[in-house]
Amino acid sequence: MRSRRLGIVLVVAGLLVLAYAAAVVFWRDPASDLYNRYQQNRLESALDKEFGEWQGSAPPAGDRAGLASRLVTTRDARRFRQTLEEGQAFGRLTIPRLDLDAVVVHGTSWGADLTRGPGHYEQTSVPGLGQTVGIAGHRTMFGAPFRHIDRLERGDMITLHMPYATFRYRVFAHKVVDSDDWSVIKNRGFDAIMLSACHPLYSASHRWIVFGRLVEVRPRTGAPYAVAAPG
């Protein structure tokens, strides 16, 4: 009788292990998801506080509305960059195609940052300075924000909500690179966003990269303005 019960326990345990493994392969890791949700709630509260406390620059007097808004955005972006600390709530990333709405953390260390949400590459710029903004995210663990990054299509929208302005980007290119290829974060001569995730799934040998070009800015203070494509 005792051996029969032990056999049943082992069978049930084996089925549970198989079910968990199947969830990770076909969906994502449920255990790390719970931790990520907890951390996202904490980041959400921190970001709400940043939004509430942000004091935007006043638009320069006498300038045209569009030019004034650009000046305000540049000024505020530089001020925001000076306040950044590792682990800080950076902004909110929304991507309709991926059904993604997540708070981005400043930093890309595996344990301290990317377990909490998408991470902003510290070596890259903040939006509004005419440079590249780089963001990395997991595909299989900790909420897997970029699991379906390969589904993004040319023309899809990516939005970054920052304390000082909202930035809308349009996807224009994909690229698969080696994991140690850092050329993807270089400045491209215009405001761009770069999303990065390990590729293929369950491997870190390469990275899937998506590039987007800034098309619209909505400052907290000042009028919205469109951004023309370079050249």
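User: Why is Arg218 called partly exposed?

Analyst: In this predicted model, Arg218 has a relative accessible area of 44%. Buried requires under 20% and exposed requires over 50%, so Arg218, in between, is partly exposed.

User: What makes the contact of Arg218 with Glu216 a salt bridge?

Analyst: The closest N and O atoms of Arg218 and Glu216 are 3.5 Å apart. The cut-off is within 4 Å, so the pair counts as a salt bridge.

User: How do you know that Glu44 and Arg92 meet in a salt bridge?

Analyst: Their side chains are 2.3 Å apart, N to O, and the limit is 4 Å. Glu44 sits in helix α2 and Arg92 in strand β1, 48 residues apart, and the pair links distant parts of the chain. Glu44 and Arg92 also belong to a network of salt bridges with Asp101.

User: Which label does Arg92 get, buried or exposed?

Analyst: Arg92 has 16% relative accessibility. Buried means under 20%, so Arg92 counts as buried. Glu44, at 30%, counts as partly exposed.

User: What makes Arg139 buried?

Analyst: Its relative accessible area is 7%, and the cut-off is under 20%, so Arg139 is buried. Asp150 forms a salt bridge with Arg139, with the closest N and O atoms 3.3 Å apart. Both lie in the loop between β4 and β5, so the pair ties together parts that are 11 residues apart in sequence. Asp150 counts as partly exposed at 36% relative accessibility.

User: How many salt bridges does the structure hold?

Analyst: The structure holds 8 salt bridges.

Technical notes. Residues are numbered from 1 along each chain as its sequence is written. This is a predicted model: local features need pLDDT of at least 70, side-chain atom pairs count only at pLDDT 80 or more; totals for chains, interfaces and linings use all residues. Side-chain values use heavy atoms; hydrogens and water are left out. Helices (H or I, at least four residues) and strands (E, at least two) are DSSP runs, numbered from the N terminus. Buried means under 20% relative accessible area, exposed over 50%, partly exposed in between (1.4 Å probe, protein chains only).
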